[in-house]
Amino acid sequence: MAPPDQSHRSPSPSQPSGTARAESNGTGNSNSNPKSNPNFDSKGEVSDLKMQLRQLAGSRAQGTDDSKRELFKKVISYMTIGIDVSSVFSEMVMCSATSDIVLKKMCYLYVGNYARYNPDLSLLTINFLQRDCKDEDPMIRGLALRSLCTLRVANLVEYLVGPLGSGLKDGNSYVRMVAAVGVLKLYHISSSTCMDADFPVTLKHLMLNDPDAQVVANCLCALQEIWSLEATTSDEASREREVLLSKPVIYYLLNRIKEFSEWAQCIVLELVSKYVPTDSNEIFDIMNLLEDRLQHANGAVVLATVKVFLQLTLSMTDTHQQGPGKLFIVQGQHQGPLQDPQHYLHPVQVYERIKAPLLTQVSSGSPEQSYAVLSHLHLLVMRAPILFSTDYKHFYCQYNEPFYVKKLKLEMLTAVANESNTYEIVTELCEYAANVDIPMARESIRAVGKIALQQYDVNAIVDRLLQFLEMEKDYVTAETLVLVKDLLRKYPQWSHDCIAVVGNISSKNVQEPKAKAALIWMLGEYAQDMQDAPYVLESLAENWDDEHSAEVRLHLLTAVLKCFLRRPPETQKALGAALAAGLSDFHQDVHDRALFYYRLLQYKVSVAERVANPPKQAVSVFADTQSSEIKDRIFDEFNSLAVVYQKPSYMFTDKEHRGPFAFSEELGNLSIGAESAENIVSAQRVEANDQDLLLSTSEKEESRGPSNNGSAYSAPSYDSSAPLVASHAQSELVSLDQTLPQAPQASSAFDDLLGLGFAVTPAPAASPPPLRLNAKAVLDPNTFQQKWRQLPVSTSQEGSITPQGVAALTTPQALLRHMQGHFIHCIASGGQAPNFKFFFFAQKAEESSTFLVECIINSSSCKAQIKIKADDQGSSHAFVALFQSALSSFGMS
Amino acid sequence: MAGATSALFILDIKGRCLISRNYRGDVTSVQAERFFTKLLEKEGDVESQGPVRYDDGVTYMFIQHNNVYLMTASRQNCNAASLILFLYNVVDVFRCYFEELEEESIRDNFVVVYELLDEMMDFGYPQYTDANILSEFIKTDAYRMEVTQRPPMALTNAVSWRSEGIYYSSNEVFLDVVESVNILVNSNGQIIRSDVMGAIKMRTYLSGMPECKLGLNDRVLLEAQGGTTKGKAIDMDDIKFHQCVRLARFDSDRTISFIPPDGSFDLMTYRISTQVKPLIWVEAQVVRHARSRVEIMVKARSQFKERSSANHVEIELPVPCDASNPNVRTSMGRAKYAPEKDALLWKIRTFPGNKEYMLAAELRLPSVTSEEAVSDRKAPIRVKFEIPYFTVSGIQVRFLKIIEKSGYQTLPWVRYLTVAGEYELRLI
């Protein structure tokens with residue numbers, strides 16, 4: 001870093017207790033805003049200022065600068081507290097013809113604030129700013145340039161180009177540093193002016209050659225933003241964007257990493273984390289080079305380094321043909337820095353290495369800092385719970401910590417719980433439940449419940465929960481009831497113990513709707529085990545009008561019916577009361593349900609029995625609120641807000657504000673696939689409705705509960721039906737495959753399966769390609785996305801598809817199967833007639849070189865647009881030919 | 001950093017904007033003010049929801065310092081951890097300039113605040129947040145009297161944290177080894193968590209470009225070398241160094257060599273998570289006679305060698321929030337009732353090692369309690385203390401060699417101090 005050498009450096013005008021205070025005191029109370037003070041005559045003051053400034057403007061007397069400073073300072077503080085001082089604009093500009101840097105700075109501040117709203121006035125400014133851009137003092141040159149670029153007036157951009165151009169070539173690094181960011185500012189005001197002046201090229205040159213690290217960093221920031229914004233419209237830009245991620249650039253930046261300021265290091269590391277190394281040696285080199293960054297005092301650098309390590313590890317697991325996120329965990333203690341690169345062979349070692357610095361940050365920094373770090377740890381823990389299972393004590397809560405930190409710590413404790421530490425963790429949680437404040441107690445009880453649902457040491461936990469019920473604190477009882485209900489749904493075998501205790505709880509002591517609903521559900525479900533269930537329900541039904549929550553009333557209806565079906569004589573009265581009240585209920589759902597039950601019973605009691613009391617299976621896993629796809633996406637965005645919000649960034653940023661290298665949207669939506677689009681919706685819905693679906697008693701879960709074993713997540717059940725794609729991740733992604741019958745790998749059988757009646761064409765044999773593709777190629781979506789981002793487009797052309805092909809394209813699956821026959825695999829597809837979009841990939845038979853294809857088919861014009869990216873550019877032409885022939889043979893007999 | 005910040009605001013305690021810098025012009029201060037005042041209105045929200053909030057497409061991150069809030073706003077997916085840290089660095093810089101950061105000092109120094117905000121962040125990207133560097137080109141009046149103009153730094157400055165040409169007539173270095181002990185004891189008297197956060201803090205007043213080399217005792221070194229010293233090796237979990245330390249040399253031969261910045265800084269920080277015996281143990285017995293009084297008997301014991309002693313010991317004993325009229329007797333020190341904390345504060349000026357002191361207190365309870373049961377916020381006993389000339393870990397500075405080409409002599413001053421960090425005993 002180099003603050004410019006200042007030929008006439010002069011002190012800045014501020015003083016710890018100077019006139020500024022006196023002024024604001026002058027109006028009475030120093031804290032009161034003069035604007036809101038009725039006694040403050042701002043108009044008079046301002047015109048007074050104007051007069052004085054005008055007098056000083058022409059004066060060359062000794063000490064003029066000092067009096068100017070006082071006046072300027074007054075103007076600035078008026079401006080800051082919101083008084084409109086724009087009327088002195090011309091006087092300010094006149095006065096700023098000075099060599100005093102402090103006066104200049106204040107004038108720039110003033111001008112920057114008002115020029116935007118007075119474009120006419122700003123023309124005045126441009127002139128003197130341009131002149132200052134040529135000042136002999138580099139500080140003034142830099143400041144003037146910065147102010148010039150922050151004017152943000154669109155019709156003045158033409159005046160920016162000249163100063164920016166010379167600024168980028170300036171001999172002083174301060175000016176270049178300002179100019180680099182200035183280019184980005186210009187781009188945001190008028191992208192065409194910026195591109196026409198060829199500034200990005202100059203920036204790139206500076207980035208790769210400038211001796212000052214901050215200049216390099218600022219160039220990098222500017223280029224990242226410019227190229228990724230341009231990339232949507234220009235192929236050249238997207239190529240340039242890839243260049244930033246190319247080996248020479250990455251290595252150049254890595255070699256200079258120690259020169260950068262801490263924040264610039266973060267930016268470089270963020271870029272490095274996107275880089276895909278070609279082999280494991282490279283991975284080791286980078287890791288060894290960055291190893292000491294983990295010891296940096298700045299936590300942001302540490303986190304950025306952690307991200308690099310994680311991403312490198314991911315690509316390493318990929319090369320080993322393991323699914324992402326399926327890290328094999330071996331318990332092992334690692335101490336001290338790693339000397340031997342071979343240590344890194346195992347991702348576990350990487351996790352072990354990054355663990356200590358992360359844990360330090362949890363307990364050392366500010367609460368806000370630990371909040372951010374804990375969010376990241378939580379993400380890691382979800383991937384590899386066992387890794388932190390011995391460090392659970394780091395997540396014990398301190399009494400004085402803010403609730404947001406405690407809450408995350410509870411989540412951590414829940415996540416790291418396993419057989420060996422459950423006892424200690426639950427003991428600690430019970431202490432919170434008994435001791436600390438109410439929200440904390442509630443969260444702790446929920447945490448205990450979540451651990452219980454994870455199946456560890458359930459026995460002891462059930463006892464604890466029952467102890468909670470005996471504590472006789474309303475909020476504890478309420479939370480526990482909800483939990484016991486969930487536990488019973490998962491472990492019906494505990495019903496006997498639980499019911500004995502639950503039966504003793506008076507429904508009068510339970511007021512919270514969720515808890516009440518849980519209690520009522522248990523009364524209905526275990527009516528035969530609870531002596532007085534019908535009578536409790538009866539009294540509840542009689543007090544129908546006192547119950548304000550529709551959820552509780554719905555549950556009450558169902559519970560009464562269930563109870564009636566088991567113990568008719570005792571419940572008859574309650575049922576009558578409930579149905580009568582339900583039928584006249586003002587809530588539509590309650591009314592409908594009551595009517596439904598009424599008619600059901602009228603129709604046939606046995607049918608009602610089947611509806612209300614079907615045999616139930618225990619719930620094995622509760623619905624996870626987030627799909628694994630979304631979790632992976634969040635993981636890709638490690639060290640960003642996505643982790644804190646637990647949503648991928650596209651859910652909370654506008655399109656134009658996605659960061660550099662933000663995930664390309666089209667690919668994103670497609671790769672989530674038809675089915676997963678629903679997942680997002682459901683994730684959002686869940687988010688909106690209810691943070692903890694796990695604990696909710698809401699109706700929809702109730703009805704979904706028993707059936708949701710299969711559909712949402714249990715990947716294994718797909719296995720048999722999704723033979724085309726090897727990895728689990730894919731089988732979830734490529735929803736299309738689910739509907740496929742068993743499809744053998746051999747190509748000849750495919751066409752039969754299509755059932756469209758055309759003759760078998762042994763396609764690969766028909767045109768013996770010079771290029772042989774791997775029949776069982778495997779690529780996981782993450783790698784695909786990464787590669788897609790990074791590889792340049794090697795070929796982009798129009799293809800055609802036969803009318804027969806279009807006819808066969810009634811569903812995209814047909815094409816997929818066809819291409820599969822040519823060993824070109826689909827990773828994602830989407831769209832509706834007439835436009836279909838497919839992402840394919842293929843691998844060479846002998847080596848792991850991959851081809852990626854984006855293919856857009858318009859079925860009305862029989863055209864296909866094909867974009868191909870290849871690891872190995874040389875063979876891409878051969879592949880294009882192969883792809884084209886495969887495509888054109890689609891639907892042909 | 002993944003994304004850029006749109007704007008930075010400094011707000012007063014009521015959420016009104018004192019001063020702001022709008023780097024990108026896509027979040028207005030009116031918008032931010034509206035968001036933040038709404039946030040503050042809902043009491044407890046700040047506490048429960050955390051410092052990173054989303055509102056209408058904008059992510060706000062804020063921290064509080066004294067009576068001001070510092071807040072960033074961003075429309076992009078930026079880096080949460082790093083921005084929060086950035087805000088804390090901004091606080092540090094302001095404190096360096098104005099002694100203390102509060103509403104008053106902001107109001108008095110609008111111009112410097114603007115200047116600093118402009119240099120610390122440009123178009124939403126953090127630039128320099130090092131007060132040493134910033135003070136090179138943003139001056140306050142405090143610097144006005146300075147006669148010697150420092151020559152400009154070299155363009156490609158290899159030592160960005162130190163300017164050339166610093167001169168002191170007497171060259172001095174102060175080293176403070178400070179360890180803060182965190183202890184958590186549960187209601188059964190078990191230590192459930194204990195760790196030590198250590199720091200070697202340095203204050204240097206050295207001329208020129210001094211080359212320093214720090215030697216620590218063998219225990220630390222051997223352990224770091226991966227040697228298996230039996231018995232009392234110091235097992236450091238995580239060592240961090242100031243950017244001036246040559247990490248490559250530390251990795252290869254375990255020497256800590258560096259050119260220090262001028263003034264005070266943390267040379268090295270470390271964390272040790274081996275179990276330590278609580279240095280001061282406090283036990284309390286509480287007898288509650290409902291609706292009349294509560295009796296508390298407390299025993300405090302120091303569990304370190306006689307030759308050390310703890311200073312400024314303060315034991316915070318929680319009492320029921322509706323208690324009154326305390327009657328306290330102590331065998332040492334003085335106890336005071338602090339109703340604002342619902343606690344008795346027992347202060348003992350010096351607490352020698354291996355001693356035991358007692359406190360007995362009786363407080364009145366109201367004979368009538370309100371119907372809504374007062375929830376028992378069972379707070380833990382908390383202890384503060386300082387033990388000079390003592391470190392829990394046993395870390396020791398063996399030598400600090402300072403070599404400068406002008407060849408001056410200097411003597412380092414070393415102090416050791418152990419303090420209580422988060423020291424909580426849930427024994428009441």
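1. B:Tyr54 is partly exposed, at a relative accessible area of 38%, whereas A:Tyr645 is buried, at 16%. Here buried means under 20% relative accessible area, exposed over 50%, and partly exposed in between (1.4 Å probe, protein chains only). The model is predicted: local features need pLDDT of at least 70 and side-chain atom pairs count only at pLDDT 80 or more, while totals for chains, interfaces and linings use all residues. Residues are numbered from 1 along each chain as its sequence is written, chains are lettered from A and ligands numbered from 1 in the order in which they are written, and side-chain values use heavy atoms, with hydrogens and water left out.

2. The rule pairs rings of Phe, Tyr and Trp (its six-membered ring) with centres within 6.5 Å; planes under 30 degrees apart are stacked, over 60 edge-to-face, and the rest tilted. A:Tyr645 and B:Tyr54 make an edge-to-face pair, 5.8 Å between centres and 80° between planes. The pair joins two chains, because A:Tyr645 lies in helix α33 (residues 641-645) of chain A and B:Tyr54 in strand β3 (residues 52-55) of chain B. Helices (H or I, at least four residues) and strands (E, at least two) are DSSP runs, numbered from the N terminus.

3. B:Phe94 and B:Phe98 are stacked, with 5.7 Å between centres and 20° between planes. Both residues belong to helix α3 (residues 80-98) of chain B, four residues apart, about one turn of the helix. An α-helix has 3.6 residues a turn, so residues three or four places apart point the same way. B:Phe94 and B:Phe98 are both buried.

4. Chain B also holds a cluster in which ring pairs link B:Phe35, B:Phe36, B:Tyr60, B:Phe62 and B:Tyr69.

5. Two charges sit over rings (NZ of Lys or CZ of Arg within 6 Å of the ring centre and within 35 degrees of the ring normal). A:Lys406 lies over the face of A:Tyr399, 5.8 Å from the ring centre. B:Arg24 has its charged end over the ring of B:Phe123, at 4.1 Å from the centre.

6. Chain A has 43 helices and five strands, and 60% of its 893 residues are buried. Helix α27 (residues 533-542) of chain A is largely enclosed by the rest of the structure, because seven of its ten residues are buried. Among them are A:Val536, A:Leu537, A:Glu538 and A:Leu540. Their cover, by contact (heavy atoms within 4.5 Å), includes α26 (513-525), α28 (550-566) and α29 (568-583) of chain A.
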